[in-house]
Amino acid sequence: MFGLGLGVAAGIMFATTAGHSQRVPEFRPAIPKVWDERELASMTLPAAVPGGRILYVTSGDYYSDRVLPIYRSYPVYAPGREPAGYFASLQRQEPQVVFDPLALKSEADWIDAGRVIFDTPVDFGPIDNVRDPAWYAAVKPPVAGDGTITAYRYIIREPGKLEVGLTSCGSCHSRVMADGSVIKGAQGNFPIEQEYAYRLRKAGTLEGHRKLDAGLIFPELAKDDINHGFYRQTLETVARSHEAMIPGMAARPGFSVFDMPKIADLIGVKDRKFLDRTGRLQHRGIGDLMRYAAACVGVNYFFSSAAALPPAPDPASTATYRFSDEQLYALSLYIYSLKPPPNPNPFDARAARGQEVFAAQRCGGCHTPPLYTNNQLTPAGAFQIPDADRTAYDILDVRVGTDERSATVSRRGRGYYKVPSIKGVWYRGPFEHNGSVATLEDWFDPARLRGDYVPTGFKGIGIETRAVKGHAFGLGLSPEDRQALIAFLKTL
C-alpha cells in the first residue's frame with residue numbers, strides 16, 4: 001500500500017482522561033507545495049496524440065490566483081421535504097468562513113475539514129432552479145433519505161444574498177442508493193448532463209461553447225476542437241445529446257462529447273498507482289492527489305498541441321481562483337480516509353462457487369487480491385508502447401480490446417487504460433470507461449459483442465445499437481457459472 005506521504009512536526013496537546021492530563025503530540029503536517037512545475041512534469045505521462053501535451057500554468061501565475069474562501073454551506077431539500085421554517089432561517093444567516101488551518105490540531109480535525117471542502121461548491125448561481133418543481137420534473141435528481149439533493153448546496157457569501165453552490169467534489173462523487181443512503185466518494189448518480197441540458201435550454205444560447213470552438217477565448221487552442229464542431233449545431237440538438245448521457249457520466253476537459261467518461265469511484269484511491277481512467281498521472285503520494293485536485297479547479301492547465309500557453313483569458317470569461325495548499329491537503333486527507341459502506345451481499349454458497357470460477361478463469365492476474373487490481377497499465381488499440389515507458393511505468397503488455405478512443409484519441413489519452421479495481425462493484429455503475437453498460441449482468445452478457453446490441457448505458461450521440469467490444473473474459477461461461485461469478489464480485 002502507498003503511505004500518505006505525511007511529515008508531522010513536533011507539537012504538544014493536552015488531553016484529559018479519567019482525571020489525568022496527558023501530553024498528546026499535536027498533528028502538524030508538512031504540507032507539500034502543490035503547483036511545483038517539476039513535480040507536475042514528472043507525474044504526467046506523455047500524450048498518445050502526436051504532438052499533444054498538457055500545458056500547465058506557471059507556478060507564479062497559479063499562486064497569483066485568489067484563494068477560494070470556504071464558506072459554510074447548507075443542504076438543498078427536494079420539494080415537500082424541507083423542514084418548516086428552514087428556508088426563512090437561511091435568509092437570515094450571515095457569511096461564515098469555516099476553514100482555518102491554525103484551528104486544526106489533530107489528524108481527525110484535518111480530515112473533518114476536508115469533508116467540508118469535499119462538499120464546498122466552486123461555482124455559484126441563483127436559487128430559482130432548485131426551488132422550481134419544473135426543474136425536478138425535468139432533471140429527476142436522486143433524493144437522499146433525509147430529503148436532500150446531494151449535488152447542490154445553499155451558500156451565503158455576501159450578507160443578504162442566498163445562492164446555490166454548484167460543482168463540488170461531492171456533486172460528482174456522491175451516490176444516492178435505493179434505500180436513500182449516501183455513499184461519499186463513490187461514482188455519483190446525479191444526472192449531471194441532463195441538468196446541463198436543462199440549463200442550456202433555459203439560457204437559450206451556446207455562446208460560450210461557440211466562442212471556445214471559434215478560438216475567440218483561446219485563439220492558440222482553436223485547432224484543438226476535439227468536439228469537431230458539435231456545438232455549432234442547434235441548441236436543441238446539443239441539449240438532446242447531453243440528455244442522452246446517463247447518470248454516472250460527466251464531461252471532463254480533454255474528452256469530447258463523443259467519448260464522455262464515467263465518473264470515478266474515489267474510495268480506495270490511496271492505493272492506486274495511477275490517476276484517471278487512462279492512467280494520465282502517476283500517484284506517488286498525497287502531493288500528487290493534491291495536484292490532481294488543484295487541476296480540477298479554475299483554469300490551471302490546457303490539453304493542446306500548441307507550443308506554448310495561451311495568453312490569460314478575460315477574467316470575466318473564466319474562473320480565476322484556486323484552493324490553498326492547506327485546503328487541498330485537508331481535502332486529499334479526507335479522500336484517503338474514505339471507506340466503502342457495509343456490503344449487503346452475503347458470501348453464500350453461490351458466491352463461494354463464484355470465487356472458484358474467478359480463480360479458475362485467472363481473473364486475479366489483472367484483478368489481484370486484496371486490492372483486486374494489479375495497479376498496472378494495459379495498452380489500448382494499436383498503441384505501440386515506447387521503450388521509455390516500459391522502464392518508467394508498470395505496464396502489463398496485454399490488450400483487452402475495449403473501445404480505444406479515450407486512451408488514444410482524447411487529449412487525456414496516454415495509450416493505456418489502467419487496470420481498475422473491482423472492489424465495490426456492487427454499488428457502482430455504469431461500467432466500462434465510457435459507461436456503456438449499466439450493470440455487471442450486462443457486462444457479462446455475450447450479446448454485447450454483437451453489432452445489433454443496444455447498450456444499457458451510454459449509447460453514443462445518434463447511435464441506437466453498437467457492439468460493446470473487448471474484455472471477453474467470462475463471456476464463455478455457463479449461465480450458472482456466470483451468475484456465480486457475479487455473486488462473488490458483488491461481495492467484494
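Trainee: Glu480: buried or exposed?
Mentor: Glu480 is exposed, with a relative accessible area of 56%. The cut-offs are under 20% relative accessible area for buried, over 50% for exposed and partly exposed in between, using a 1.4 Å probe and protein chains only. Bear in mind that this is a predicted model, where local features need pLDDT of at least 70, side-chain atom pairs count only at pLDDT 80 or more, and totals for chains, interfaces and linings use all residues. Residues are numbered from 1 along each chain as its sequence is written, and side-chain values use heavy atoms, with hydrogens and water left out.

Trainee: Which element is Glu480 in?
Mentor: Glu480 is found in helix 16. Helices (H or I, at least four residues) and strands (E, at least two) are DSSP runs, numbered from the N terminus.

Trainee: And how far is Glu480 from Gly354?
Mentor: In space, C-alpha to C-alpha, they are 9.4 Å apart, while in sequence 126 residues separate Glu480 and Gly354.

Trainee: Why is helix 16 described as largely enclosed?
Mentor: Because 8 of its 11 residues are buried, helix 16 is largely enclosed by the rest of the structure. The buried ones are Asp481, Arg482, Ala484, Leu485, Ile486, Ala487, Phe488 and Leu489.

Trainee: What do those buried residues pack against?
Mentor: They pack against helix 12 (349–360) and helix 15. A contact here means heavy atoms within 4.5 Å.

Trainee: Let's switch to pockets. What's the volume of the second largest pocket?
Mentor: The second largest pocket comes to about 710 Å³. On a 1 Å grid over the protein atoms alone, a pocket is an open set of points with protein on both sides within 12 Å along at least five of seven lines, whereas a cavity is a set of points where a 1.4 Å probe fits but cannot get out; lining residues have an atom within 4 Å of a point. Grid points are joined across faces, edges and corners, and the volume is the space filled by probe spheres set on the points.

Trainee: Which residues lie nearest its centre?
Mentor: His367, Pro420, Ile422, Trp443 and His471 do, out of 30 lining residues. Strand 18 (416–418), helix 15 (440–443) and helix 16 (479–489) are the elements that give two or more residues to that lining.

Trainee: How does the lining split by residue type?
Mentor: There are 16 nonpolar, 8 polar and 6 charged residues. Ala, Val, Leu, Ile, Met, Phe, Trp, Tyr, Cys and Pro count as nonpolar, Asp, Glu, Lys and Arg as charged, and the others, Gly among them, as polar.

Trainee: Back to His471. What's its phi?
Mentor: Phi of His471 is near 45 degrees, a positive value in a residue other than glycine. His471 sits in the loop between helix 15 and helix 16, and is buried at 18% relative accessible area.

Trainee: Which loop holds Asn375?
Mentor: Asn375 is in the loop between helix 12 and strand 17. Asn375 also has a positive phi, about 60 degrees, although not a glycine, and is buried with a relative accessible area of 10%.

Trainee: Where is Pro370?
Mentor: Pro370 is in the loop between helix 12 and strand 17 (377–379). The bond joining Pro369 and Pro370 is a cis peptide bond, with omega about 5 degrees. Gly429 to Pro430 is cis too, with omega near 5 degrees, and Pro430 belongs to the loop between strand 18 and helix 15.

Trainee: On to strands. What does strand 9 pair with?
Mentor: Strand 7 (residues 73–77) pairs with strand 9 in the antiparallel sense over 4 bridges, and 5 bridges join strand 9 to strand 10 (residues 161–166), also antiparallel. Strands pair if DSSP finds at least two bridges between them. Tyr77 has Thr148 of strand 9 as its bridge partner, and Ile155 has Glu163 of strand 10.

Trainee: How many residues of strand 9 are buried?
Mentor: Strand 9 (residues 148–158) is mostly covered, with 8 of its 11 residues buried.
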